[in-house]
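Open the structure in your viewer and keep the selection panel at hand. The stops below say what to select next and what is there.

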Number of protein chains: 2
Amino acid sequence: MVKRSRITELFDIEYPIIQGGMVWCSGWRLASAVSNEGGLGLLGAGSMHPEVLREHIQKMKQATTRPWGVNVPLLYPQIEELMGIIVEEGVKIVFTSAGSPAKWTAHLKQHGITVVHVIANSRFARKCEEAGVDAIVAEGFEAGGHNGREETTTMALIPLIRKTTKLPVIAAGGIGSGAQMLAAMALGADGVQIGSLFALSEESSAHEAFKRYALASGEGDTLLQLKQLAPVRLLRNRFFEEVQKAEQGCASVEELKALLGRGRAKKGMFEGDLDEGELEIGQVAALIDELRPVAAIFTSLLADYRSARETLPLL
Amino acid sequence: MVKRSRITELFDIEYPIIQGGMVWCSGWRLASAVSNEGGLGLLGAGSMHPEVLREHIQKMKQATTRPWGVNVPLLYPQIEELMGIIVEEGVKIVFTSAGSPAKWTAHLKQHGITVVHVIANSRFARKCEEAGVDAIVAEGFEAGGHNGREETTTMALIPLIRKTTKLPVIAAGGIGSGAQMLAAMALGADGVQIGSLFALSEESSAHEAFKRYALASGEGDTLLQLKQLAPVRLLRNRFFEEVQKAEQGCASVEELKALLGRGRAKKGMFEGDLDEGELEIGQVAALIDELRPVAAIFTSLLADYRSARETLPLL
């Protein structure tokens, strides 16, 4: 029944479903659960010290025989060390983000690694082509966490990227159900990257309090903030209100940096400090109400996709 | 071949395609062309003096025998007079926007008029149900012109509205191609409302200079502005830059109102003043490159929808 697509071929996986390699959520438990269900699990290296990543890679090898990868934000401070571990440990798939694809793609490909880069506009799609990446994740405005300055939504972004490049495109942002997966495929995506839904799963390493708080959130409870620094979609809480007040009061970049400080995402998402922490989640959190294991999430994603596909009107 | 849907039944039209009743674009030429192609054309009363609307209604009756309607923004100053003309002239379908559906729905329905209300969040979907409207237009963040404060995109909004109400839902925002129509249907919409694509058609009453400028625009060239007054998605031009500068400089509501002044949308979109005018268009303008007649637009919308539908992967 399942048709092979460019994305399932590229990664040798069963379903074109990639789990976003999110900071503080994506350890070996989540990533291996996704891979074991036939998707592609990603370790989120952005929130791991290099030796912590090595530990997760080694646990990952025990936990699954299926393909998996590592997400690396290119602004990671000890990136040389991190990339060294990735090569040493024989990681086969790397997703890079938050930087230029020109920096690391050639190096990783020399080591036989499949490279995917995360972008939010067509200009970077062309840079990805030049750098020789194997596929692109195109992430829309509705996505949680760090985000593009153009504010282009998934509905508009995927056709724009499709028009720009022949590379396989993985849609991200606003995808938390089978119907939304189908919509992404209708827009021309070859696969989807799902963040929030997996961040709020049982296997996610995020703090239970953060998960419960995000599951209880509703429409309009996230907004893109800190546009003067690096735009990031945050869930409403005390810290969010402070940032909003500072921005409305025309705070300077320095004042915003001071307010942000360091370690806010860890505090909120990993330590469960719902007042002082930075809570990163996408708009789809408003649609997610239940903490479920990855296996149950896969079952309903696939069932919903199939039923939505069958009821699409003929015109 | 064509399946009847709740939207084609409700309006007695061939395709579930509604043309947004946009200010300065949607006179009888555009609306009748859309209705004659089997969609639902809407006169945009928001930019018409009451007697101008009467003239357009009368021309509309000459130009098509197919169903059509009128869009009325509820903050229209002489709304009593306008609604009087709508009833007198025997208009059958009214789309209301920018206000509470409780205000006029009962009155219009007493006169046998089908009423649709435009919303941007689930809270208003419930208000629409209470007011007794016949269908809802749910408009996402990517749409041109006036927009919701929650910034919920079409990908997230349609499933949220679908979950809230059993009323027929028409998706709007980010829909300018058959693939995007298909995506909206995948999200659970019963039909689509298309704005920018028709605003930039040959039959649109917008100024030629505005059309050319919007057709030449690209990704990231629109942003949601004037959030302190009423959020509106505008195309980058000199006025846009002035607003951006004022907002970044923490201008007060009074200063922004003074900067906006009156008649900016008319100046930009109808008179073609590309420097001083307010240019309202959606994110999909970046995907539209060609000025085409409505008939050609329908042909490609339907062909693209069908081919996108056929190539959706089985999972």
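A residue counts as buried if 20 or more other C-beta atoms lie within 10 Å of its own. The model is predicted, and the tour begins with a residue that can be judged by that cut-off.

**Stop 1: Tyr305(A)**

Select Tyr305(A), which is found in helix α14 of chain A. Is Tyr305(A) buried or exposed? With 25 other C-beta atoms within 10 Å, Tyr305(A) is buried, because the cut-off is 20 or more.

Now show what surrounds this residue. Leaving aside neighbours within four places in sequence, Tyr305(A) is in contact with Gly178(A), Met181(A) and Leu182(A), and also with Leu315(B) in the other chain.

**Stop 2: Ala183(A) and the axis**

Next, select Ala183(A). Of the residues of chain A, Ala183(A) comes closest to the rotation axis, with its C-alpha at 2.0 Å.

What rotation superposes chain A on chain B? A rotation of 180° does so, with 0.0 Å of shift along its axis and an RMSD of 0.0 Å. The two copies are therefore related as by a two-fold rotation axis.

**Stop 3: the side of chain A that touches chain B**

Colour the two chains separately and look at where they meet. Here 46 residues of chain A are in contact with 46 residues of chain B. On the side of chain A that touches chain B, the elements giving two or more residues are α7 (154–164), α8 (178–186) and α14 (294–310) of chain A. Select α8(A) to see the largest share of that side, 6 residues.

Colouring by residue type divides the residues of this side into 26 nonpolar, 13 polar and 7 charged. Of the interface residues of chain A, 100% are also interface residues in chain B, so the copies meet through the same surface.

**Stop 4: α11(A) and α12(A)**

Finally, select residues 238–248 of chain A, helix α11, together with residues 253–260, helix α12. How do these two helices pack? Their axes are 11 Å apart, at an angle of about 170°, which means that α11(A) is roughly antiparallel to α12(A).

Show the side chains where the two helices meet. From α11(A) come Glu242(A), Val243(A) and Ala246(A), and they meet Glu255(A), Leu256(A) and Leu259(A) in α12(A). The residues of this contact divide into 4 nonpolar, no polar and 2 charged.

Note on methods:
Residues numbered from 1 in each chain as written. Chains lettered and ligands numbered in written order. Predicted model: local features only at pLDDT ≥ 70, side-chain atom pairs only at ≥ 80, totals over all residues. Least-squares fit on C-alpha atoms with pLDDT ≥ 70 in both. Contact = placed C-beta atoms within 7 Å. Helix = DSSP H or I, 4+ residues; strand = E, 2+ residues; numbered from the N terminus. Nonpolar A, V, L, I, M, F, W, Y, C, P; charged D, E, K, R; others polar. Buried ≥ 20, exposed ≤ 12 C-beta atoms within 10 Å, placed from the backbone. Axes fitted to C-alpha atoms, helices over the stretch in contact; angles between N-to-C directions. Parallel < 35°, antiparallel > 145°, perpendicular 65-115°, else oblique.
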